[in-house]
2 protein chains.
Amino acid sequence: MKNIIVGQSGGPTAVINASLYGVAKAALESEKFNNVYGMLNGIEGFSNDRIMNLADISDEELEALRTTPGAYLGSCRYKLPEDLDDKFYPHIFKQFEKYDISSFLYIGGNDSMDTVSKLSKYAEKINSKICFIGIPKTIDNDLTLTDHTPGFGSAAKFAASIVKEIGRDTEVYDKNTVTIIEIMGRNAGWLTAATVLARQTKDDNPVLIYLPETNFDEEEFLKSLTENFKHKKQLIVCVSEGIHNDDGTFICEKTADMIIDNFGHKSMNGCAKYLENLVKERLGVKVRSVELNVSQRCAAEYLSETDVNEAEASGRFAVTAALAEKTGCMIACFRKDQDIYEAAYGTVDVNEVCNKEKCVPLYWITDNNTNISQEFINYALPLIQGSVDIPKKNGLPYFAYRK
Amino acid sequence: MKNIIVGQSGGPTAVINASLYGVAKAALESEKFNNVYGMLNGIEGFSNDRIMNLADISDEELEALRTTPGAYLGSCRYKLPEDLDDKFYPHIFKQFEKYDISSFLYIGGNDSMDTVSKLSKYAEKINSKICFIGIPKTIDNDLTLTDHTPGFGSAAKFAASIVKEIGRDTEVYDKNTVTIIEIMGRNAGWLTAATVLARQTKDDNPVLIYLPETNFDEEEFLKSLTENFKHKKQLIVCVSEGIHNDDGTFICEKTADMIIDNFGHKSMNGCAKYLENLVKERLGVKVRSVELNVSQRCAAEYLSETDVNEAEASGRFAVTAALAEKTGCMIACFRKDQDIYEAAYGTVDVNEVCNKEKCVPLYWITDNNTNISQEFINYALPLIQGSVDIPKKNGLPYFAYRK
C-alpha cells in the first residue's frame, strides 16, 4: 500500500474544505492507503517537505472542516514551468518517491488544473504510475467540461442574498438613488449573473446587470438609468469587476493601479467606484458603490447545502478515480436529468480544462446586455438550494484551524 | 377609541422591522385602538398624509416582516425645527387631529429621539394629550440610558462573523499580508469593538482594533504591525470609519470628499483605503482593505435571535407604555441580573437621550488603544446569541415588501 496526497491551490472558496473533507473521509475509510497526506500551501509547500497527515485531525475538527471557509491546508499560486525539462520536475517526482505517493489530488481552478496537466504529462514522459487528478473549485464557475464548479453555488447564493438585502436597505428613503454593486469575475460573469436571482418581483432590483462577456458603454448605461428612474426610485446595478469598453479597456483601469499576479492575471477592482463618480457627476443623484469583496468566497452563513454536498462528493469521487488508477483528469459534475436536478460525477481530460475559461453564453445575456435570461435562472437555481447548519460556539460559527 | 401611529426613521437596521412587527402585533391584539397606522417615510411622509393601515398587511407578510431588513414603512432623515413656534408644529398636530391619533411611536436612533422630544415638548406647550414614545434602534449602540439598542446585536454578530470568515480566507497564503476592515461608527466604536468576538484562539485575528474613542497615530499603527509580524504572518486590523488623529482630523478626510447630511453629520468612509496605501508604501507587504458597508445593517443571515426578540419586545413594550399614557419617553432595555442574561424593559426620559452619544468606556479599550477588554466581551456576548430561521423561497430569503 502506498500513500495519497491532496492539496489546495488558488483562491479559496467557502466549500474548498468540503472537498478536502470528502477526500480525507473517502481515503481514510477506503483503507487502501498507508497514509493520507495533505500538502501545506499546495505544490509549493510540498516541494519543501511541508505536509501533514490527515489522520491526525480529530473527528470534531474534521466535521467542522466541512463548513469552514478558506483553505485548511493553505494554498499557493505557483505556476509550474512550461518546459518539462526544467529541473523542477525531477525534484518534485523525487518528492513523490520520498513520500511513496501513488495518487496526487489537487483541488483548484484553471491554474491548478494546469499543475495537474503538467505533472501528468511529465509522469507519462518518465513512465511514472502516479495518478494525477484535479478536483474543481472556483466561485467563478468558469471551468469547461463540467456543468458547474463547487464553490459557485454558495458564492451565487451569497451574492443574490446580499443584493436582495441591500435592496431592502436602499428602498427606505423616498428619493432617487443608485447603488452599484461590484462582484468578482474577470472574464466570466457567472457570479454577477446570479444576482438576477435576487429579484422577488418582476420589476425588483437589480434593474441592470453587466457581465464582462459583453462590452460596456458608459453612455448607454447612463441612458438606461434615466429610463429606469421613470418607474423606480432606488436602482441597484450589479457589475462584474471585469467589465470593459469596446476597445477592451477595463473600467477599473480608469481608477485603480493594476497588480499582475504570477499567472499574468490582472488583479482588478474599483469599477463600481468609478461608475459611482460617473453617475454622481452626470445624473446628480445619490450614489453608493459596494464591493462585495472577499466575503463572496468565504461567507459561511450563506453556504448552499447543494454546493457543500457536491464539493464533498467531488472529493470522494476523486478518491474513487484514484483507486481506479485514472490520471490526467479532472472530476466533473453533470446533470442526470434536464427536469429534476440531480448531480452525477465523472472524469474529463484535465488538458482540455486547464487555462481555458467558460463564459456565460451570449444568448443568456438579454435586453441590450443589461439582463439575464430565464435559462440562466433555470440553470443556477438548483445550485443554491438548501441551508447548512454550521457548528457554533459562543453564538458565532466555529471553524477548523490547523494547529 | 382613537388611533395609534408608528413610524421608522434614520438609517435602517436588520431588526427595525422586528420592532415594527412588535408594535403592529401588540397594538392589533390589544383591541384598544380603532386603527393601527404606519407613517410612510416617517414624520416627513405623515406630514403629507402618506400613511397605511397595518391591519391591511397579510399574516404571511407580517411574519416575514419580523426578519426583513430595511424599513418596511420607509424612513426619513427629517430634522424638526428647533423653534417650537415654527409653523411645522401646528401643521403636524393638525395632522394628528385629522387622523384621530392618541399615540405616536417612533422607531429610530438619536436623531429620531430628537423628533420625539420636540413633539412631546410641543404637546406639553399646547396641552395635547397625545403620547409620544421612542423605540430605540441603531447598529451603533450609542443611545444613553439603555443597556444596549436593538440592531446592535445583529450588526455585532455580522461584523464578528465576517471578520472570522475573512480570517480563514487571509490565512491561505504563506506570506505576510495585512487586511484592514472598515466598520461603521463615527464617534462610538461599539460595532468595531465587537470584532474582538471573532477571535477563536488567544492570538487569533483581529490583532489590532481601533475605535474612534481614542486618537489614532499612524506611526504607532505601523510599529504595531511590525511587532505583530514577528509572530504572525496574516494580520487583520479592524478600524471604525471615524478614527482620527490627535488633532481631530478624520483619517478618511485624507482621501474622501465629505458629505454632510441634514443633521450636520459627516458621512465618512475611506479610512481603510487610506491605511491600505499607507501600509503598502511603508511596509511593502500585500495589503487589502475591506469596507463592510451597508450589509452591516441589513444582513439577514447573521440575525441574532436575542436581538430580534428584543427588538420585537421593545415594540410591544411601547404599545404597553402608550396604553399607560406615557409620553416624552424612550423604551430602554436593562439587564435583570449581572450573571444570567435576561432583558427587562422600561421607559426613560427621551430628552435625556436625544442628541447624545454613548461611547465605549475608555477603560474597556486596552493595550495602548489597540485592543478590547474582557469586560466588553462579557457585555456583548449575550447580545449575539441564537440564530433565526428566515422564511425562504427558491433557496433565498423571502422578505416582506410593501405593495
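Reader: In which order do the four strands of the open sheet in chain B stand?
Author: This is a predicted model, in which local features need pLDDT of at least 70 and side-chain atom pairs count only at pLDDT 80 or more, while totals for chains, interfaces and linings use all residues. Residues are numbered from 1 along each chain as its sequence is written, while chains are lettered from A and ligands numbered from 1 in the order in which they are written. Strands are DSSP runs of E with at least two residues, helices are runs of H or I with at least four, and both are numbered from the N terminus; two strands pair if DSSP finds at least two bridges between them. With parallel pairing, the order in this sheet of chain B is 7-8-6-11.

Reader: Which strands of chain B stand at the edges of that sheet?
Author: Each edge strand has a single partner strand, so one side of it is left without a neighbour in the sheet. In chain B these are strand 7 (208-210) and strand 11 (286-291).

Reader: How many degrees does the twist average from one strand to the next?
Author: Axes are lines fitted to C-alpha atoms, for helices over the stretch in contact, and angles run from 0 to 180 degrees between N-to-C directions. From one strand to the next, the twist averages 15 degrees.

Reader: Which residue of strand 8 of chain B is the bridge partner of Tyr210(B)?
Author: Strand 7 and strand 8 (residues 234-240) of chain B pair in the parallel sense over three bridges. In strand 8 of chain B, the partner of Tyr210(B) is Val239(B).

Reader: What angle does helix 9 of chain B make with strand 11 of chain B?
Author: Helix 9 (residues 271-283) of chain B packs on the sheet and touches strand 6 (177-183), strand 8 and strand 11 of chain B, where contact means C-beta atoms, placed from the backbone, within 7 Å. Its direction and that of strand 11 of chain B make an angle of about 175 degrees.

Reader: Which residue of strand 2 of chain B is the bridge partner of Asn3(B)?
Author: Strand 1 (residues 3-8) and strand 2 of chain B run parallel and are joined by four bridges. In strand 2 of chain B, Asn3(B) has as its partner Asn35(B).

Reader: Which C-alpha of chain A is nearest the axis that relates the copies?
Author: Superposed by least squares on C-alpha atoms of residues with pLDDT of at least 70 in both, chain A falls on chain B by a rotation of 180 degrees with 0.0 Å of shift along its axis (RMSD 0.0 Å). The two copies are thus related as by a two-fold rotation axis. At 3.1 Å from this axis, the nearest C-alpha in chain A is that of Glu301(A).

Conventions
Contact = placed C-beta atoms within 7 Å.
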